[in-house]
Amino acid sequence: MTANAPKLFVKSYGCQMNVYDAERMADALAPEGYVETQSAEDADLIILNTCHIREKAAEKVYSELGRIRKMKQETGRAPKVAVAGCVAQAEGAEILKRAPVVDLVIGPQSYQRLPELLREAAEGRRPVDTDFAVEDKFERLAKPSPKAIASRGVTAFVTVQEGCDKFCTFCVVPYTRGAESSRPAAQLIAETERLVAAGVREVTLLGQNVDAYHGEGPDGRTWSLARLMRALSEIEGLARLRYTTSHPRDMDDELIAAHRDLPKLMPYLHLPVQSGSDRILAAMNRKHTADEYLGLIDRIRAAQPDLALWGDFIVGFPGETDADFEDTLAIARDAAYASAFTFKYSPRPGTPAADMGGQVPEAVKDERLQRLQRLISDQQAAFARSLVGREIDVLLDRPGRHPGQLAGRSPYLQPVQITAPGAAVGDVIRAVVTDTGANSLFAAPAGGARDILHEPAEATA
Ligand code: 5AD
Ligand code: SF4
């Protein structure tokens, strides 16, 4: 790294897939000499990696572009500015019109072309690349160096599937991320092996509809997500696997059995339901009823009783009555969530629900959101309290504030604070939960050093 290497600042909004994509953009630019910086002020290239899922998310991008314009005026610096992600995909050239500060617009299928587009931007053109379904996109992306992987920590994301064919009537994803496509299993095994060799201990498989994964297997057959996870489980040094986010319709028996049979698969499942009202579920085009969802949860818990179930909810979908909302509270209670993401319905232009009658007033949405959030935070606290006194494995992922203190994650994905002299980031240690905080657990090592279960894998960097 040279002192005057160009600096890259990527700001990501929205889902974890954008976190993964931000790393891929940094990887694509590393051969061009770019190094990452944590601040927009000293960057030579600022990339806003945007989210389009709700209105507020898209509006934030334009406010940020306004701040960048001001910052350029005040400091006299002239970084190039790129808009990437789902707003780029959805709005394309419109962004150039609305925000003159933007030098290039690039959709999620085109990140391997970033160096080329930057050269165009340097020549004063303002390129827009929102091509869809680019062949072999992932193969053509630059691979991160072991050093780059190690700098990102002991947990990593791997995108296994992109896009969605479900067309829930509220959702922009089928339009911004396109049709479902799965990466070949051999590519994913190689990527995971590379991560583990560089020190990664936990991998979260990502997809907008991850349980719909159906990639080409090395044996020439189509592999399911469960089959893929069986293969990944065999990678020595990998301690933990997770996957997110799933659609109830794609949770099949084989995937349910994986929760029973694969010790490395963490007892965590993010399975959105969105609403508890059959009428609203039908209007959302979710293609299942409330009872079918609860029946599915029963089958999953029969396979893995020790499960942290996370949900997603939308309140105030068009036509939602008080009675519909009561059904939502009821399903949240019955499903006994460990936690959930809760959203107010936000009309997205171009989606069927945006044009439906019966749009719910903002004040009603606010009130319903608050009631649902109270219920979910009670559930979250109850779930955390149920762990006090229990032994759990903690993957240490960060140093803590004080000497000997470390921070990590429980199997259920809660942050854990622990004092464990002699333990290191990357270790999985057996610990007793001693107390709960607002959003985290406190724990103490269950015994001596013998309880450090796995030494970190050798970093090759
Ligand atoms: N309004 C509000 N929430 C939405 N989500 C998706 N689209 C919308 C929308 N238009 C929520 C859903 C989904 C999560 C990623 O975002 O709950 O599961
Ligand atoms: Fe959007 Fe998920 Fe529905 Fe696909 S399954 S349309 S990503 S909410």
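Reader: How much area do domain 1 and domain 2 bury between them?
Author: In this predicted model, domain 1 and domain 2 bury about 2,400 Å² between them, and 56% of that area is on carbon and sulfur atoms.

Reader: And which residues in domain 1 lose the most area to domain 2?
Author: Those are Met17, Tyr20 and Gln112, which together account for 29% of what the domain 1 side buries.

Reader: Stepping back, where do the domains run along the protein?
Author: The protein is divided into domain 1, covering 7-129, domain 2, covering 137-386, and domain 3, covering 391-453. The C-alpha centres of domain 1 and domain 2 lie 27 Å apart, and 25 residues of domain 1 are in contact with 27 residues of domain 2.

Reader: How many salt bridges are found across that interface?
Author: The rule finds 3 salt bridges across the interface of domain 1 and domain 2. Separately, for a look at one particular pair, the side chains of Arg177 and Asp21 meet in a salt bridge, with 3.0 Å from N to O.

Reader: What about polar contacts, how many residue pairs are there?
Author: Between domain 1 and domain 2 the count is 8 residue pairs in polar contact, with both residues at pLDDT 80 or more.

Reader: Which helices supply the side of domain 1 that touches domain 2?
Author: At least two residues each come from α1 (16-29), α2 (55-75) and α3 (85-91), and the largest share, 11 residues, comes from α1.

Reader: How do the residues on that side divide into nonpolar, polar and charged?
Author: On the side of domain 1 that touches domain 2, there are 12 nonpolar, 6 polar and 7 charged residues.

Methods. Residues are numbered from 1 along each chain as its sequence is written. Chains are lettered from A and ligands numbered from 1 in the order in which they are written. This is a predicted model: local features need pLDDT of at least 70, side-chain atom pairs count only at pLDDT 80 or more; totals for chains, interfaces and linings use all residues. Side-chain values use heavy atoms; hydrogens and water are left out. Domain bounds come from an automatic or database domain assignment. Contact means heavy atoms within 4.5 Å. Buried area is the accessible area (1.4 Å probe) that two parts lose on being put together, summed over both. A salt bridge is a side-chain nitrogen of Lys or Arg within 4 Å of a carboxyl oxygen of Asp or Glu. A polar contact is a pair of N or O atoms within 3.5 Å; within protein, one must be able to donate a hydrogen and the other to accept it, and residues adjacent in sequence count only if both atoms are side-chain atoms. Helices (H or I, at least four residues) and strands (E, at least two) are DSSP runs, numbered from the N terminus. Ala, Val, Leu, Ile, Met, Phe, Trp, Tyr, Cys and Pro count as nonpolar, Asp, Glu, Lys and Arg as charged, and the others, Gly among them, as polar.
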